[in-house]
Amino acid sequence: MQAKEFKVKWGMLVDLDKCTGCGACTVACRAENNLPPEADAANKLRTNDWMNIYELSNEKPFPDHEVAYLPRPCMQCGRPSCSTVCPVVATLKDEEGGIVSQVYPRCIGCRYCMAACPYHARYFNWFDPIWPEGMEKVLTPYASARPRGVVEKCTFCHHRFMAAKEQARMNGEDPTELAEDAYIPACAEICPTGAIKFGDLKNPEHEVSKLAASKYAFRLLEKLGTDPQVYYYSKREWVRKLGDNYLKNAKGGEHV
């Protein structure tokens with residue numbers, strides 16, 4: 001499938017050498033996008049975090065043991081397998097910027113997109129959202145709350161994108177040429193170590209574009225050809241190898 005080209009290509013880069021696995025991005029994502037509190041957070045069948053954090057290990061004994069933490073949002077793939085299987089066109093990649101949308105009123109809950117996503121970045125609502133008394137008054141007004149029976153996912157805080165474009169119009173500026181700091185998802189804004197960078201991958205002046213071009217940058221499962229718009233960065237070779245399912249016994253050190 002040919003990747004669709006856009007003038008602007010919103011992208012994210014996570015510096016895994018800076019990420020401490022604190023979970024602030026996950027909390028900010030939940031608050032910003034109206035994910036309800038879990039009835040039982042220990043029950044992984046009920047958890048519904050759009051930004052999951054995985055622990056990576058070099059599997060060496062002490063004192064050479066090292067770990068890294070990898071936050072994983074939706075990859076906003078340039079060639080999204082999820083949108084190609086949706087029978088009701090509930091997920092699309094057709095808006096300037098390349099964010100893969102999820103149209104909740106169209107979703108019929110078939111979960112084909114979940115089966116097609118190689119990153120496990122989509123979630124099905126098995127239960128109605130339960131809000132503690134009074135909490136409904138502090139929900140983000142521009143992000144819809146999803147009912148039971150639909151699939152949801154990270155959208156790079158799309159409502160913030162829309163707000164940034166509206167602000168640009170009010171300022172008499174071109175909404176298609178936003179400043180680097182005009183639109184920032186909640187996870188990138190809250191990160192205490194500055195590990196999450198966000199911007200236009202096609203703009204050479206944006207930090208995310210510069211870092212994505214580094215030899216230390218990589219993407220998850222690049223060999224699948226999904227063309228993710230989320231990059232990772234690490235100067236540790238073992239971390240980069242884990243990003244594409246590197247097998248140490250492969251001939252010639254190949255990715256298989």
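Me: Let us begin with the cysteines. What is the distance from the sulfur of Cys-74 to the closest cysteine sulfur?

Reply: The model is predicted, so every value here is computed from its coordinates. The general idea is that a disulfide is a covalent bond between the sulfur atoms of two cysteines. For Cys-74 the closest cysteine sulfur belongs to Cys-154 and lies 5.5 Å away, which is too far for a bond. The cut-off in use is 2.5 Å between the two sulfur atoms. Cys-74 is also buried, with a relative accessibility of 8%.

Me: How does Cys-19 read, and how many disulfides are counted in total?

Reply: The sulfur of Cys-19 has its closest cysteine sulfur in Cys-25, at 6.4 Å, and this is again too far for a bond. Cys-19 counts as buried at 14% relative accessibility. The total count of disulfides is zero.

Me: Cys-25 belongs to a helix. Which residues of helix H1 are buried, and what covers them?

Reply: Helix H1 covers residues 24–32, and its buried residues are Cys-25, Thr-26, Ala-28, Cys-29, Arg-30 and Glu-32. Their cover includes strand S2, strand S3 (67–72), helix H4 (158–170), helix H5 (186–190) and strand S6. Just after H1, Asn-34 has a positive phi of about 60 degrees.

Me: S6 has come up as cover. Which strands form a sheet with S6, and in what order?

Reply: The sheet is open and has four strands in the order S6-S1-S8-S7, with mixed pairing. S6 and strand S7 (217–218) are the edge strands; each has a single partner strand, so one side of each lacks a neighbour in the sheet.

Me: In which sense does each pair of neighbouring strands run, parallel or antiparallel?

Reply: Take the pairs in sheet order. Strand S1 (residues 10–15) pairs with S6 in the antiparallel sense over five bridges. S1 pairs with S8 in the parallel sense over four bridges. S7 and S8 are antiparallel, with two bridges.

Me: How do I read the two faces of strand S8?

Reply: In a regular strand the side chains alternate between the two faces of the sheet. In S8 (residues 230–233), Val-230 and Tyr-232 are on one side, Tyr-231 and Tyr-233 are on the other, and all are buried, with both faces of the strand covered.

Me: Now for single residues. Which is buried and which is exposed, Asn-125 or Glu-55?

Reply: Compare the relative accessible area with the cut-offs: under 20% is buried and over 50% is exposed. Asn-125 is buried at 8%, whereas Glu-55 is exposed at 55%.

Me: Where do these two residues sit, and what do they contact?

Reply: Asn-125 lies in the loop between strand S4 (122–124) and strand S5 (151–153). The Asn-125 side chain reaches the backbone oxygen of Pro-147 at 3.1 Å. Beyond four places in sequence, the contacts of Asn-125 include Asn-48, Arg-148 and Glu-152. Glu-55 is in strand S2 (residues 52–57). Beyond four places in sequence, Glu-55 contacts Val-67, Ala-68 and Tyr-69. Between Glu-55 and Pro-71, 16 residues apart in sequence, the C-alpha to C-alpha distance is 8.9 Å.

Me: Finally, how do I read the chain as a whole?

Reply: The chain has seven helices and eight strands. Its radius of gyration is 19 Å, close to the 18 Å from the globule rule for 256 residues, so the chain is as compact as a globular protein of that length. The C-alpha trace spans about 50 × 45 × 40 Å along its principal axes. Of the 256 residues, 45% count as buried. Among contacts with a separation of 6 or more, 64% join residues 24 or more positions apart.

Conventions
Residues numbered from 1 in each chain as written. Predicted model: local features only at pLDDT ≥ 70, side-chain atom pairs only at ≥ 80, totals over all residues. Heavy atoms only, no water. Buried < 20%, exposed > 50% of the residue type's maximum accessible area, 1.4 Å probe, protein only. Polar contact = N/O pair within 3.5 Å; in protein donor to acceptor, adjacent residues only side chain to side chain. Contact = heavy atoms within 4.5 Å. Pairing = 2+ DSSP bridges. Rg over C-alpha atoms; globule rule 2.2 N^0.38 Å.
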